[in-house]
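Please read them with the structure open beside you.

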Protein chains: 2
Amino acid sequence: MSIKEALEEIQRATAEIIDFERIEKLVKDYYENGKEYTIKLGLDPTSADVHLGHTVVLSKLATFQKHGAIVQLIIGDFTATIGDPTGRSETRKILPREKIEENAKTYQEQVFKVLDPERTKIYYNSKWLEELGTRGLTQLTMHYSVARMLERDDFEKRFKSGISISISEFLYPLFQGYDSVYLKSDIEIGGTDQKFNMLMGRHLQRVYNVGKEQAVVMVPIIEGLDGVQKMSKSLGNYIGVTEEPKTMFAKVMSISDELMWRYYELLSNKTLKEIEELKRGVESGTIHPKSVKEALAAEIVERFHSKEDAIAAKEAFDKQFKQNQIPDDIDEFEVEDGIWICKALVEAKLEPSTSQARRDIKQGAVKINQEKISDEQLKLSKGEYILQVGKRRFAKVKVI
Amino acid sequence: MSIKEALEEIQRATAEIIDFERIEKLVKDYYENGKEYTIKLGLDPTSADVHLGHTVVLSKLATFQKHGAIVQLIIGDFTATIGDPTGRSETRKILPREKIEENAKTYQEQVFKVLDPERTKIYYNSKWLEELGTRGLTQLTMHYSVARMLERDDFEKRFKSGISISISEFLYPLFQGYDSVYLKSDIEIGGTDQKFNMLMGRHLQRVYNVGKEQAVVMVPIIEGLDGVQKMSKSLGNYIGVTEEPKTMFAKVMSISDELMWRYYELLSNKTLKEIEELKRGVESGTIHPKSVKEALAAEIVERFHSKEDAIAAKEAFDKQFKQNQIPDDIDEFEVEDGIWICKALVEAKLEPSTSQARRDIKQGAVKINQEKISDEQLKLSKGEYILQVGKRRFAKVKVI
């Protein structure tokens, strides 16, 4: 592969690259002189579940590894163990050390499904952030102004609409930037929502005289199954990389055709040209969109499991979908006598919340023993029931 | 003295008191149960010269000591040793440790002319601020919002007019507030310009569950000799408490009549009633304002030197002023051949800067050997000269 082709591969499906010249130099230097370089990715250890949203950036990192990069994975344990002592912030819960280690371990297992462990270094940023001390941190804060910090989109919006920003929130971009100072990273990668923080790394490398200013690679933020919001665990619209083949397959099949093309572009190993051909086939009516979606689902299952798993998942999906039968192997839950139907749906993990359950009942998407229900106040008495939400989500509940 | 009288004495010449009820309780508890309490004052160790501006707050502290307080003097060494690594800020020069110790020592010598050393504790705030570490400081910043910080007058003005505020500047009020947390201060005292920072101490004592919230005593900011700007060393409009009796006397005599009444109110030990009587005497023409000013000058010299010094200073001043003679005991300086007159005036300590010297020459306020000069480019050749600025500043220079 030529350097030109390597660079094209690197650029594919990125949203924006800052200082591409620097990347060109690094890749050239690797191919001509065997000199390696580093690319940094920060991970939030408050949740260990890697979902497809993460794999966009992980695949890009794998590409960089192929072309000479050593990946620096930063476990952001420092802020995770601090939390918010006022208890005001939902997103800043204190995480015990053991939980962070556990999440980091899970991360590694999942991440190494995509990355080359031989070309990956894992760091905990508490190491150098603790060393900063009151003195070092105060000096760090001298390098950025309040006005410029308030230029970050989310800060600006909150400030203008009178939503409180704690001063500590101004420190987090500085911490992230300082990671790049300490590790002397050549490149940082992240979603487009990380642009401000990644440019901070560039800025701080300059003021701390690191002798380089990192290039910044931004990948698109992938939408969740709903096609609207960012894929995230807390929104429940995600496909986890450790999910069962059948679940994974079914989740891909549930997305819209429009979102399917977006996933192809961001997640598939198909070339852009191949994807174009598929699109033309669908438009001209020679290919059915469902078979294109099945191919994507199979590709994704195969990546995180195996070819056999992908085939089995497809068969299971077909059986359930085509025959609209109750699957053989649905999960069982025991619930208390007199339980409210919405609560039962949540406990059986068919619904993320009772309010969502209520909405689905209203819309006629919920069945008990294959009978559609409409009473959202329904209570279940002793007995066994097959609960169903939509076409493909089933559970058996025993009311005892 | 009754508790009521003690509280009146405490309140005299203060600008504002927050939570006076708390002070009432503390003083009452002292007089009834002998229980002591603490009052905190932060000192900036970047300059060791105590001037009359400081004595307003020091006198108030002495009053508190009389009524049961233990004074906590904080040498703010932490921020002084940090400085501004970007070198952008004139006001944040790094101070070496030895210089801080030296300034702190000078401070103590000067401060104990007013305060009772037996009832004064000296602290260096680097002790507990260093202990905070990155973690503790990050937690500290969680307790205050950006929007509220920007409510501080000077921040608000700068933010609105687009003058850069470094994020580190948001940390300093938090540091000052944390001093009160660590020392569990009952009261903090400072100039009116310290209101925001002192209220921060109250706020942080609450969130850190100190079990008390400090009362805040604000004293007026005293104007310098010009009667307009805050008295400060850098503006050159100050009277230092270690200055020579004659200089001190002459400086007081140089102020306007209006400023004289202000100094009486803030600096004199005369009661408000006595001051009122003096005012009436001046207004009705029975007392000459000059004699009232002389009495103030003598009182101030006596406080920082002795009664004898005050009498001698007055005599020297009278002699010089009335006879406009060259004093007997003027300082001598050796300067280089061909020295520029403005530079000679600075070296002879008659002028704070060559630009000021230039202005004074233009205005005809500079004499050489009692002859007014107008050439601001003048160079002095070998010989001895009596330099004079205004009526009362003299020096002898030997050009060698």
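**Salt bridges and chain symmetry**

1. Over all chains, a search of the whole structure finds 66 salt bridges, a salt bridge being a side-chain nitrogen of Lys or Arg within 4 Å of a carboxyl oxygen of Asp or Glu. This is a predicted model, in which local features need pLDDT of at least 70 and side-chain atom pairs count only at pLDDT 80 or more, whereas totals for chains, interfaces and linings use all residues. Side-chain values use heavy atoms, with hydrogens and water left out, while residues are numbered from 1 along each chain as its sequence is written, and chains are lettered from A in the order in which they are written.

2. In chain A, Glu36(A) forms a salt bridge with Arg119(A), and their closest N and O atoms are 3.2 Å apart. Because Glu36(A) lies in the loop between α2 (20-33) and β2 (37-43) and Arg119(A) in the loop between α5 (97-111) and β4 (120-124), the pair ties together parts of chain A that are 83 residues apart in sequence; helices (H or I, at least four residues) and strands (E, at least two) are DSSP runs, numbered from the N terminus. Glu36(A) is partly exposed at 42% relative accessibility, but Arg119(A), at 18%, is buried (buried means under 20% relative accessible area, exposed over 50%, and partly exposed in between, with a 1.4 Å probe and protein chains only).

3. Glu332(A) forms a salt bridge with Lys398(A), with 3.8 Å between the closest N and O atoms. Here Glu332(A) lies in strand β7 (residues 332-335) and Lys398(A) in strand β13 (residues 393-399) of chain A, so the pair ties together parts that are 66 residues apart in sequence. Glu332(A) is partly exposed at 45%, and Lys398(A) is partly exposed at 27%.

4. In chain B, Glu332(B) forms a salt bridge with Lys398(B), the closest N and O atoms being 3.8 Å apart. Glu332(B) is partly exposed, with a relative accessibility of 47%, and Lys398(B) is partly exposed at 27%.

5. A network of salt bridges links Lys290(A), Glu294(A), Lys314(A) and Asp318(A).

6. Chain B can be laid on chain A with an RMSD of 0.6 Å by a turn of 179 degrees and a shift of 0.4 Å along the axis, which is the relation of a two-fold axis; the copies are superposed by least squares on the C-alpha atoms of residues with pLDDT of at least 70 in both. Of the residues of chain B, Gly133(B) comes closest to the rotation axis, its C-alpha lying at 1.9 Å.

7. Because 100% of the interface residues of chain B are also interface residues in chain A, the copies meet through the same surface, where contact means heavy atoms within 4.5 Å.
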